[in-house]
Amino acid sequence: MRGYESILIIDASLSEEEINNVTAKFRAIVENSTSELVYESTWGRRRLAYEINKKQYGVYQLFYIKGDVEALHELDRQAGYDEKVLKFFSVRADDLEVQHQQFETLKANPQLNVNLLSEDAQGGL
């Protein structure tokens with residue numbers, strides 16, 4: 001079984017209850033499939049790099065999924081139909097535990113992310 005990281009960007013103008021309902025809907029899609037929802041992380045309300053549907057802010061929700069690709073296809077398909085989801089993106093993740101821990105570390109200390117970016121610039125990447 002492969003691991004996947006799926007990110008949903010939900011419209012930040014929705015109420016907290018509506019955002020929770022959208023998150024619960026996508027959680028149920030994964031849980032009702034043969035896949036397993038290993039971790040779930042909320043990054044929260046963030047400014048978007050560029051406007052999407054005339055929106056400047058979104059609520060980021062991350063799902064770490066272990067299982068087959070069919071559940072991922074269904075998740076992406078439903079996200080495409082849902083007007084409350086601004087963007088969605090899924091990638092294969094080799095080690096979900098490591099990916100989740102790295103994300104939580106960066107979320108707790110955003111300065112680490114800036115340091116990583118500056119190291120890349122100095123290294124010529």
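Predicted model: local features only at pLDDT ≥ 70, side-chain atom pairs only at ≥ 80, totals over all residues.
Begin by selecting the buried residues of helix α1: among the elements that cover them are β1, β2, β3 (55-67), α2 (69-81) and β4.

Next, display α1 itself, residues 16-31. The helix has 16 residues and reaches 22 Å from its first C-alpha to its last, close to the 22 Å expected at 1.5 Å a residue. Within α1, highlight Ile-19, Val-22, Thr-23, Phe-26, Ile-29 and Val-30, which are buried. Turn the view to look down the axis of α1: the buried residues fall within an arc of 115°, so they line one face of the helix. In general, an α-helix has 3.6 residues a turn, so residues three or four places apart point the same way.

Now select the strands. They form an open sheet of four, in the order β2-β3-β1-β4, with antiparallel pairing. At the edges stand β2 (36-52) and β4 (85-93); each has a single partner strand, so one side of each is left without a neighbour in the sheet. From one strand to the next, the twist averages 20°.

Proceed to strand β1, residues 2-11, which runs antiparallel to β4 and is joined to β4 by eight bridges. To view one bridge pair, select Ile-9 together with Lys-87, its bridge partner in β4.

Finally, move to Gly-44, in strand β2. Is this residue buried or exposed? Gly-44 has a relative accessible area of 16%, under the 20% cut-off, and is therefore buried. Leaving aside residues up to four places away in sequence, Gly-44 touches Gly-58, Val-59 and Tyr-60.

Note on methods
Residues numbered from 1 in each chain as written. Heavy atoms only, no water. Pairing = 2+ DSSP bridges. Helix = DSSP H or I, 4+ residues; strand = E, 2+ residues; numbered from the N terminus. Axes fitted to C-alpha atoms, helices over the stretch in contact; angles between N-to-C directions. Expected span 1.5 Å × (residues − 1). Buried < 20%, exposed > 50% of the residue type's maximum accessible area, 1.4 Å probe, protein only. Arc of directions from axis to C-beta. Contact = heavy atoms within 4.5 Å.
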